[in-house]
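Thanks for coming, everyone. Please have the sequence and the model open before I start.

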Amino acid sequence: MATHGIHGNLFEVTVASCSRLKDTEWISRQDPYVCVEYGSSRSRTRTCTDGGKSPNFQEKFVYTLIEGLRELDVNVWNENNVKHDTFIASGKVQLAKAISQGFDDSTWPLQSETGRHAGEIRVIVQCIDANKPAITFMGKRVNFHYVLDLGS
């Protein structure tokens with residue numbers, strides 16, 4: 001997949017899972033969720049109740065590529081019912097391989113607020129070929145294969 005003229009193309013991000021997360025709970029298991037930021041777009045996974053140190057998300061988000069912006073910011077939080085949510089870790093997901101090859105399934109390191117290792121996040125990125133047939137679903141342009149996945 002060529003990297004020139006990527007601005008405006010779509011890419012799909014699947015937040016698959018986290019592993020070896022820093023534990024922020026003393027008594028119970030933590031309830032992690034992930035916030036993804038790309039440019040001014042922000043998305044949030046559902047909370048993985050009692051996900052502990054190895055939550056599984058399997059959630060997909062679609063973004064529009066921005067020329068020159070080649071990474072996603074990810075932040076992992078622990079949802080709390082009584083007090084404010086607790087920050088667990090953050091990291092960067094590089095898009096270069098997905099942009100050049102069309103697909104990337106990788107694990108990325110996460111860091112605590114103090115810069116210490118705080119786990120990993122597995123993210124799958126797939127660039128959606130603008131030349132493939134696409135349709136509009138709920139006001140968004142999506143590839144035909146993406147719509148087929150909605151029924152599963």
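I will go through strands, then aromatic rings, then salt bridges.

A word on the source. This is a predicted model, where local features need pLDDT of at least 70, side-chain atom pairs count only at pLDDT 80 or more, and totals for chains, interfaces and linings use all residues. Residues are numbered from 1 along each chain as its sequence is written, and side-chain values use heavy atoms, with hydrogens and water left out.

Strands to begin with. Helices (H or I, at least four residues) and strands (E, at least two) are DSSP runs, numbered from the N terminus. Strand 1 pairs with strand 4 in the antiparallel sense, over seven bridges. To pair, two strands need at least two bridges found by DSSP. Opposite Val-15 stands Glu-59 in strand 4.

Which side chains of strand 4 are buried? Phe-57, Glu-59, Phe-61 and Tyr-63, and they point to one face. Buried means under 20% relative accessible area, exposed means over 50%, and partly exposed is in between, with a 1.4 Å probe and protein chains only.

Thr-14 lies in strand 1, residues 10–19. Thr-14 is buried, at 7% relative accessibility. Its contacts (heavy atoms within 4.5 Å) include Gln-58, Lys-60 and Val-123, leaving aside residues up to four places away in sequence.

Thr-45 sits in the loop between strand 3 and strand 4. Thr-45 is buried too, at 1%. Its side chain reaches the backbone nitrogen of Val-34 at 2.9 Å. With residues up to four places away left out, Thr-45 touches, among others, Val-15, Phe-57 and Glu-59.

On to the rings. There are four aromatic pairs. Rings of Phe, Tyr and Trp (its six-membered ring) pair if their centres lie within 6.5 Å; planes under 30 degrees apart are stacked, over 60 edge-to-face, and the rest tilted. One of the pairs is Phe-11 with Tyr-38: centres 5.0 Å apart, planes at 85°, so edge-to-face. That pair links strand 1 to strand 2, 27 residues apart. Phe-11 and Tyr-38 are both buried. Phe-11 also pairs with Tyr-63, centres 5.6 Å apart and planes at 35°, so this pair is tilted. Tyr-63 is buried, at 3%. Phe-11, Tyr-38 and Tyr-63 form one aromatic cluster.

Last, charges. Side chains of opposite charge can pair when their charged atoms come close. How many salt bridges are there? The count is 10. A salt bridge is a side-chain nitrogen of Lys or Arg within 4 Å of a carboxyl oxygen of Asp or Glu.

Take Arg-44 and Glu-79, with closest N and O atoms 3.1 Å apart. Arg-44 lies in strand 3 and Glu-79 in the loop between strand 5 and strand 6, so the pair ties together parts 35 residues apart in sequence. Arg-44 is partly exposed at 37%, and Glu-79 is partly exposed at 28%. The charged end of Arg-44 also sits over the ring of Tyr-33, 3.5 Å from its centre. The rule there is NZ of Lys or CZ of Arg within 6 Å of the ring centre and within 35 degrees of the ring normal.

Arg-42 bridges to Glu-37 at 3.7 Å. Arg-42 is exposed, at 56%, while Glu-37 is partly exposed, at 24%. That is my tour.

Definitions and conventions. A polar contact is a pair of N or O atoms within 3.5 Å; within protein, one must be able to donate a hydrogen and the other to accept it, and residues adjacent in sequence count only if both atoms are side-chain atoms.
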